[in-house]
Amino acid sequence: MEMPNTNYIDSVAGGDDAFRTKFIAILKTEYPDEIAHYKKVQSAQDFTSTASIVHKLKHKLNVCGMQEAYGLAVKYEEELKVQRDRHHAEFVKILDQVDEFIKSL
Amino acid sequence: MTCIIVDDELASRVVLEKFCQDQPQIEVKAMLENGIQALKYLNDNKVDLIFLDLHMDMFSGVDLLKTLDNTQKVILFTSDKDFASKSYEYENIVDYLVKPLTKERFEKAVERARKQFILDEMESPSQDSSTTSTDSMEQVRNSLYINIDRRLINLQFKEIEYVEAEGDYVNVYTTTERYHVHTSLKKIAARLPEPTFMQIHRSYIINFNKIIDIQDNSVLIGKKVIPISRSNRPALMQRINLL
């Protein structure tokens, strides 16, 4: 099973601890808000808004080293554009997994 | 090169800012959250390079691209891997980066922008409007956007009769409307092309092509009599003599 990691964050920081701390703090703020927004628009069956927030979330998944999850998000976003959300349950599991990871940083 | 960063995700903005800080030839002038903020900024300021996210909820990167002229180079970035081919429809795009951004790829893009910038500098400075390929681009180039109650309104230069200072605002008069805009006369003057527009008084800029009549100390535009200040009078007279 794919596990989130800080490889990308470490690579961008390049040993700059202040930047690393700042970046993680931003993730801790932005990510929960984006998950909350996702859950809200998804439960309202607002496919356009759901596709839009999945687009943003897929970047966060990439930042946390979740390449396979990113691939799923790409497919999911495309399907949402034609009003299909069959990947929702799987996607939420990934979101929660990454949420736990970011909280632990 | 001066630049701005436009992205609605703070996490992306700070990564780009960090990469830019490591590049001595780049100066980040502003970090903006959406296309409207960027447009407002660009109405008052000129930059060489724009780092632009395509996917933004309010006034997207594509919307902003349509308003830009070729003097501002753009490096696009997005999570969409399949936009690359479309992106080259816009002449000012020099590169296209896929998120998450890596420093190596970023540096290549900046180098590409720098080379393009140098090439443009070497070319004729009077090249501007002659390279326009579409009517819409031409329209954008001959206009400016003003922000009225969070609504961006496009004003063609040829529609503007004169601009009047009023405290922290200016009034932009067209043949049919008056627009009350929160900006200074100096800032709007920088956006209006010479020699069509000319400041003839500390409170007035006029469209030279709209003058109906000139008397000793005033010009008539529409039904408005606009004073000519003593200091601006020689330049106005010189302009008339040139015609």
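So, the largest nonpolar core has 55 residues, and the ones touching the most other members are A:Phe23, A:Tyr38, A:Leu61, A:Phe91 and B:Phe51. By core I mean buried Ala, Val, Leu, Ile, Met, Phe, Trp, Tyr and Cys residues joined through side-chain atoms within 4.5 Å. Buried is under 20% relative accessible area, exposed is over 50%, and partly exposed is in between, using a 1.4 Å probe and protein chains only. The top contributor is helix α2 of chain A, residues 17-43, with nine residues. Apart from that core there's another one, of 22 residues, including B:Ile4 and B:Tyr96.

Quick caveat: this is a predicted model, so local features need pLDDT of at least 70 and side-chain atom pairs pLDDT 80 or more, while totals for chains, interfaces and linings use all residues. Side-chain values use heavy atoms, without hydrogens or water.

Now, what does A:Phe91 contact, leaving aside neighbours within four places in sequence? That's A:Tyr38, A:Val54, A:Leu57, A:Leu61, A:Leu72, A:Ala73 and A:Tyr76, with contact meaning heavy atoms within 4.5 Å.

Chain A itself has five helices and zero strands; those are DSSP runs numbered from the N terminus, H or I of at least four residues for helices, E of at least two for strands. Of its 105 residues, 52% count as buried.

Last stop, B:Ser229, in the chain B loop between β15 (224-227) and α8 (233-242). Buried or exposed? B:Ser229 counts as buried, because its relative accessibility is 15%. Beyond four places in sequence, B:Ser229 contacts B:Ile200 and B:His201.

Notes
Residues are numbered from 1 along each chain as its sequence is written. Chains are lettered from A and ligands numbered from 1 in the order in which they are written.
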